[in-house]
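Here are my notes on the model you sent over. Have it open next to you while you read, and go through the points in order.

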Amino acid sequence: MSTLVSAQYSEKGGVGKTSITTGMAATAAEDGARVIVVDADPRASATEELGVVVGPQTLTLNDLLYVPEDADPVDPAEAIGDVLLPAGEHWPGTVRVIAAERQLAHRETDPHAIEGRLARGLAALDGEADLVLIDLPPRAGGKLVTTGLTAATHVVIPTMLTTDGYSGVAHARRSLRLIRQGANPGLTYAGIVRSIVPRESDRRAVHDQIDTDLAEDFPGEVVAVQITEYAIREDARYTSFPITRAPGREAKILADQYRALLDHLRSTGGIRV
Ligand SMILES: Nc1ncnc2c1ncn2[C@@H]1O[C@H](COP(=O)(O)OP(=O)(O)O)[C@@H](O)[C@H]1O
Ligand SMILES: [Mg+2]
């Protein structure tokens with residue numbers, strides 16, 4: 001069985017990409033999978049939530065992608081092992097991380113053809129992981145997004161029920177089309193995931209309206225599983241704890257939702273765009 005490599009992508013920030021990435025990592029690992037999380041966002045929120053501390057000597061995704069000006073490039077198929085770090089102490093031992101750091105932002109304008117390097121590195125790991133999750137920055141295309149989407153087998157587009165979320169979906173679908181017409185024709189589009197969805201008591205007419213717009217404008221693309229807004233999510237980020245090990249009923253509901261989303265990814269035949 002080949003490894004599922006899922007990228008979480010929207011051109012908007014704050015829509016739940018990173019939380020979905022770490023949430024699926026937590027449930028998959030708890031269920032026995034060997035997981036690798038690739039943090040392709042220079043803001044490094046996934047890296048932090050996974051409890052990885054990046055010091056001056058720590059090797060990150062930046063080192064895998066970087067090509068020195070005056071020396072031969074290192075083959076990412078050989079370098080990939082060096083950039084795999086164990087997740088922090090609260091996480092299951094089967095979770096490993098390719099971390100982000102601020103310097104990674106420079107790869108966005110890197111003059112070299114680096115976009116295939118992550119794909120090549122991950123391919124060399126064949127059999128070492130059951131699931132790879134790529135957390136992308138909120139950007140319209142660009143080298144880091146292209147790097148992630150070139151390495152992925154699947155992509156999901158998280159959105160909030162907001163105007164911003166909606167426009168992030170529309171733009172992400174366009175980038176997705178471009179990638180499928182070029183670097184990664186086999187990329188499976190797994191649909192739109194409604195995330196940070198307000199509970200009934202906080203729900204307003206505008207949320208229903210955007211929900212309806214999504215269903216009408218992108219028919220067949222909205223995934224049945226949605227991720228509810230619960231404050232415990234923020235605790236997970238703050239304490240670098242997997243949601244599966246956070247206390248309380250709301251953490252349990254969230255973990256079940258992330259697990260259901262992963263099941264959807266594993267079973268989807270993909271959507272045409
Ligand atoms: N289901 C949720 N319930 C409550 N807060 C959430 C939920 N999902 C994400 N958040 C919070 O919303 C903020 C943005 O989420 P994040 O996953 O970082 O989005 P993105 O990666 O798209 O920028 C974070 O502070 C995060 O903890
Ligand atoms: Mg993020």
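**Notes on the model**

1. Phenylalanine 218 has 7% relative accessibility, so it counts as buried (under 20% relative accessible area; over 50% is exposed and in between is partly exposed, using a 1.4 Å probe and protein chains only). Tyrosine 166, at a relative accessible area of 23%, is partly exposed.

2. A word on ground rules. This is a predicted model, where local features need pLDDT of at least 70, side-chain atom pairs count only at pLDDT 80 or more, and totals for chains, interfaces and linings use all residues. Residues are numbered from 1 along each chain as its sequence is written, chains are lettered from A and ligands numbered from 1 in the order written, and side-chain values use heavy atoms, leaving out hydrogens and water.

3. Back to the rings. The count of aromatic pairs comes to 1, where rings of Phe, Tyr and Trp (its six-membered ring) pair if their centres lie within 6.5 Å, with planes under 30 degrees apart called stacked, over 60 edge-to-face and the rest tilted. Tyrosine 166 and phenylalanine 218 have ring centres 5.5 Å apart and planes at 35°, so this pair is tilted. The two are 52 residues apart: tyrosine 166 sits in helix 7 (residues 163–180), and phenylalanine 218 in the loop between helix 8 (205–217) and helix 9 (232–239).

4. Now the inside. The largest nonpolar core has 46 residues, and Leu61, Ile134 and Leu149 touch the most other members. A core here is a set of buried Ala, Val, Leu, Ile, Met, Phe, Trp, Tyr and Cys residues joined through side-chain atoms within 4.5 Å. Another core, of 39 residues, lies apart from it and includes Ala26, Val156, Ile232 and Leu262.

5. What does the whole chain look like? It comes to 10 helices and 7 strands (DSSP runs numbered from the N terminus: H or I of at least four residues for helices, E of at least two for strands). Of its 273 residues, 54% count as buried. The C-alpha atoms fill a box of roughly 60 × 40 × 35 Å along the principal axes.

6. One annotation to keep in view: UniProt, in an unreviewed entry, places "domain: AAA" at residues 9–187; positions follow the numbering used here, feature names are shortened, and annotations may be inferred rather than shown by experiment. That span is 37% helix and 12% strand, and its end C-alpha atoms lie 13 Å apart.
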